[in-house]
Amino acid sequence: ETLPIYLEQLRAGVAPAWQRKYLDIPLSVAVDAISWHGLARAPQEIMSNITLPTVPSVREVINGTMIDVLYYRSPVYGQQLIDVVAKLLNEKVALYKKEFPHFSGQVSLYCHSLGSVIMFDLLQNQHPT
């Protein structure tokens, strides 16, 4: 999986930028991730049964990108995916607060691609507690 690689690259890029910009502010930035992408995947045997065998490179691109969007937009799986992402985020924040009990700061979210759409939908439809 490439998520750990991307996470390390993001951490390596964020730290120097924050240090340069906020030299006089005692600031700590923690960068972490949740992995939801595997949940939005139909099993490979299903995909090979429902896609045409011609033009394998195009088929791979479509199966690797467009299927995620269709999966998310389906009435059956879309809400399940939002629920799982919300659960994973809440667990991640709770774990961070347990590790750092005096944390009273804000949580910022950085999302990419379909993750941005999922997060937008999640935040737009949240209910105050």
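The following dialogue discusses a predicted model of a protein chain and the rules by which its features are named.

Mentor: This is a predicted model, in which local features need pLDDT of at least 70 and side-chain atom pairs count only at pLDDT 80 or more, while totals for chains, interfaces and linings use all residues. Residues are numbered from 1 along each chain as its sequence is written, and side-chain values use heavy atoms, with hydrogens and water left out.

Trainee: How many helices and strands does the protein chain have?

Mentor: The protein chain has 5 helices and 0 strands, and its elements run α-α-α-α-α from the N terminus on. Helices (H or I, at least four residues) and strands (E, at least two) are DSSP runs, numbered from the N terminus.

Trainee: What share of the contacts in the protein chain with a separation of 6 or more comes from residues 24 or more positions apart?

Mentor: Such residues account for 62% of those contacts, where contact means heavy atoms within 4.5 Å.

Trainee: Why is serine 113 called exposed?

Mentor: Its relative accessible area is 53%, and exposed means over 50%, buried under 20%, and partly exposed in between (1.4 Å probe, protein chains only). Serine 113 is therefore exposed. This residue is found in the loop between H4 and H5 and has a positive phi of about 60 degrees although it is not a glycine.

Trainee: Are alanine 12 and alanine 15 exposed or partly exposed?

Mentor: Both places are in helix H1, that of alanine 12 and that of alanine 15. Alanine 12 has a relative accessible area of 52%, so it is exposed. Alanine 15 has 34%, so it is partly exposed. For alanine 15 and serine 28, the distance is 9.0 Å, C-alpha to C-alpha, at 13 residues apart in sequence.

Trainee: What percentage of the protein chain is made up of buried residues?

Mentor: Buried residues make up 18% of the 129 residues.

Trainee: What makes a set of residues a nonpolar core, and which residues form the largest one?

Mentor: A nonpolar core is a set of buried Ala, Val, Leu, Ile, Met, Phe, Trp, Tyr and Cys residues joined through side-chain atoms within 4.5 Å. The largest here has 10 residues: Trp36, Tyr72, Leu81, Ile82, Val85, Leu89, Leu114, Ile118, Met119 and Leu122. Helix H4 (78-99) and helix H5 (114-124) are the elements that give two or more residues to this core. Tryptophan 36 touches Leu81, Val85, Leu114, Gly115 and Ile118, when residues up to four places away in sequence are not counted.

Trainee: Why is the pair of tyrosine 96 and phenylalanine 100 called tilted?

Mentor: Rings of Phe, Tyr and Trp (its six-membered ring) pair if their centres lie within 6.5 Å; planes under 30 degrees apart count as stacked, over 60 as edge-to-face and the rest as tilted. By this rule there are 2 aromatic pairs. Tyrosine 96 and phenylalanine 100 stand 4.7 Å apart, centre to centre, with 40 degrees between the planes, so the pair is tilted.

Trainee: What makes the pair of tyrosine 96 and phenylalanine 103 edge-to-face?

Mentor: The centres are 5.2 Å apart and the planes stand at 90 degrees, so this pair is edge-to-face. Tyr96, Phe100 and Phe103 form one aromatic cluster. Tyrosine 96 is partly exposed at 25% relative accessible area, phenylalanine 100 at 38% and phenylalanine 103 at 27%.

Trainee: How do you know that a space is a pocket and not a cavity?

Mentor: Rolling a probe the size of a water molecule over the atoms shows where empty space is left. On a 1 Å grid over the protein atoms alone, a cavity is a set of points where a 1.4 Å probe fits but cannot get out, and a pocket is an open set with protein on both sides within 12 Å along at least five of seven lines; lining residues have an atom within 4 Å of a point.

Trainee: Which residues lie nearest the centre of the largest pocket?

Mentor: They are Leu10, Asp32, Ala33, Ile34 and Tyr110, among 47 lining residues. Helix H1 (3-21), helix H3 (56-73), H4 and H5 each give two or more residues to this lining.
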